[in-house]
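Hi everyone, thanks for making the time. I'd like to walk you through one structure today, so please have a look at it on the screen.

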Amino acid sequence: MNKLRGGALPISVSLVLILLPLIYVALFRSNSIDALILWTNQLSNWNGYNQMSRFMGDGAIGSIQRLVRGRGRIELETTGFSCNSSSLHSDICVSTDLVTIDMKSRTVYIPQKQSLPPINWIVQPYARKGDKAALGNVAKVEIIRGIKNKPPPPCDIFHNVPAVVFSSGGYRGNFFHEINDVMIPLFLTTRHFQSQVQLVATDYKEHWDSKYHQILTSLSNYKVINPAEDEKVHCFSGGVIGLVYHGDLTCNTSGIPGGYSTNDFRRFLRDSFNLKIKNVTEIEKPVLILISRQRTRALLNEKEILGLATELGFKAITTTPERMSNLSRFSDEINSCSVLLGVHGAGLTNALFLPDGAVMLQVVPLGLEWASATYYGSKVVGKMNVRYLEYKIIPEESSLLEKYGRDSPVINNPATIGKQGYAVSSKIYLRGQNVTLDISRFRKTLLQALELFRR
Ligand SMILES: *[C@@H]1O[C@H](CO)[C@@H](O)[C@H](O)[C@H]1NC(C)=O
Ligand SMILES: *[C@@H]1O[C@H](CO)[C@@H](O)[C@H](O)[C@H]1NC(C)=O
Ligand SMILES: *[C@@H]1O[C@H](CO)[C@@H](O)[C@H](O)[C@H]1NC(C)=O
Ligand SMILES: *[C@@H]1O[C@H](CO)[C@@H](O)[C@H](O)[C@H]1NC(C)=O
Ligand SMILES: *[C@@H]1O[C@H](CO)[C@@H](O)[C@H](O)[C@H]1NC(C)=O
């Protein structure tokens, strides 16, 4: 490519520059992909990329800069690119310059400027760094800057917004992980772009896109790109590879990019899914919903529990995790409830849809105290304006008692089983245990929940 010299722009380029506002308006108005492609094909022969990205994206540049702090911010401001891998959970790379993405090979090209050191990195853009099982389902993305035999290919399509590249794989299929590892990080990373951002989801699946349609369309004005199907070379006015992560089901107002609380995420969900009930006081008679697990950690006396709840004055209903595949229906179902009751498991993530002041009641099976407290404990749920109650079972309520006997360490010393590693303990406590609640013992906890709604 020829360098533009001495500020003298060729006439064709000057014309394009003069016409840019018009083209811009026309594109935005018509939203025509054909026009965009046509325009892009003309521009891909043009070397004024920097002028263009500056013209297009002052707001976007500010939004990208919000994603880095400290040394990274200085590096971004001086070189247009920065990566931060100091977080325990996720690596994130950002570019305020034009990036070229070859969708077919999942390669991101960062423009080489001055004499910056070359870069050739492989990243897995999923917020569970070091988790081999999750990363086994996360495609690798290559980032390249200034590698001599790997120049950026010419653009097929230009986008006047930045790209955000992330994996929708990992632990997809587990609702907790879908929300915690992808949706919350996506919200944190992109909300402040005010929908002027193109999502590029590796490990894409159509059913994932349709399940989270409401969230994805609230975050971006554009259809998600599935690189495996697209196979073209796209250019963007900037780029983010990887997502911000703050902790289990958490948005930390002082974390990057700043200003989002867990409740902001809940409000965002309410708006996205058009949920009606903001505050539990809007529900006349308290409604208890029981998430009915069918195969593992099943509640074997659900009927009795529902009977008890009804006797105490709740309207008691059940739902199954399968129904979660239709999130717009499911979120609405949960949003009309006062108490979400369930045995520790991914379904409890639905507490995010509860109205303010509602209660999440977690049944904690044997050996799962740590997981229960870490993923859904009062520390986590408390940030949601949802009240947290728990019911810790005793050995008599666990199917493990009959299987292993009272003298087994499985029953009387789960910590020693935990020391044998996740494979051993999860097989026993997560996948090998059902529970039968002691109704008279559980009654006290349900009364406690009811008490919270007394006016
Ligand atoms: C990475 O991010 C942390 C936290 O924002 C910041 O303190 C640190 O300076 C950054 N490091 C680099 C190399 O960008
Ligand atoms: C929130 O983020 C800030 C800044 O990154 C950090 O110092 C603080 O410990 C975080 N708070 C929680 C509760 O994680
Ligand atoms: C989800 O359920 C709603 C309401 O019952 C229905 O209108 C919608 O078509 C369903 N969506 C899918 C993808 O099945
Ligand atoms: C719900 O509404 C009640 C009554 O209007 C109010 O007192 C309460 O603070 C609200 N709860 C939450 C968590 O916002
Ligand atoms: C738990 O209950 C389910 C449903 O009744 C059953 O299919 C499963 O085999 C039970 N598991 C154990 C370990 O008892």
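I'll start with the overall picture, then go to the core, the ligands and a few backbone details.

First, some housekeeping: this is a predicted model, where local features need pLDDT of at least 70 and side-chain atom pairs count only at pLDDT 80 or more, while totals for chains, interfaces and linings use all residues. Residues are numbered from 1 along each chain as its sequence is written, and chains are lettered from A and ligands numbered from 1 in the order in which they are written.

The chain has 20 helices and 16 strands; these are DSSP runs numbered from the N terminus, helices being H or I with at least four residues and strands E with at least two. Of its 455 residues, 41% count as buried, where buried means 20 or more other C-beta atoms within 10 Å of a residue's own, exposed means 12 or fewer, partly exposed is in between, and C-beta atoms are placed from the backbone. Two residues are in contact if those C-beta atoms lie within 7 Å. Among contacts between residues at least 6 apart in sequence, 75% join residues at least 24 apart.

Now the core. The largest nonpolar core holds 117 residues; such a core is a set of buried Ala, Val, Leu, Ile, Met, Phe, Trp, Tyr and Cys residues joined through C-beta atoms within 7 Å. Helix 7 (residues 175–190) gives the largest share, 8 residues. Where does this core lie relative to domain 2 and domain 3? Domain 2 (50–271) and domain 3 (277–451) both contribute residues, so the core lies between them; the bounds come from an automatic or database domain assignment.

Met 360 is among the residues with the most contacts inside the core. Beyond its neighbours within four places in sequence, Met 360 touches partners including Leu 340, Ala 351, Val 386 and Tyr 376. Tyr 376 itself sits in helix 14 (residues 369–376) and is buried because 24 other C-beta atoms lie within 10 Å.

On to the ligands, where a residue is near a molecule if its C-beta atom, placed from the backbone, lies within 6 Å of it. Ligand 1 is surrounded by Arg 69, Gly 70, Arg 71, Gly 72, Ser 82, Asn 84, Ser 86 and Ile 256. By class, that is 1 nonpolar, 5 polar and 2 charged; Ala, Val, Leu, Ile, Met, Phe, Trp, Tyr, Cys and Pro count as nonpolar, Asp, Glu, Lys and Arg as charged, and the others, Gly among them, as polar. Helix 5 (70–79) supplies the largest share of this shell, 3 residues.

Strand 1 (81–84) supplies at least two. In strand 1, Ser 82 and Asn 84 point one way and Phe 81 and Cys 83 the other, all of them buried. Strand 1 pairs with strand 2 (residues 92–95) in the antiparallel sense over 4 bridges, pairing meaning that DSSP finds at least two bridges.

Around ligand 3 we find Ser 210, Asn 326, Ser 328 and Arg 329, and around ligand 4 Asn 279, Thr 281, Asp 356, Gly 357 and Asn 385.

Finally, the backbone. Most residues other than glycine have a negative phi, and most peptide bonds are trans. Here, a cis peptide bond joins Ile 256 and Pro 257, with omega about 5°. Arg 106 has a positive phi of about 50°.

Thanks, everyone!
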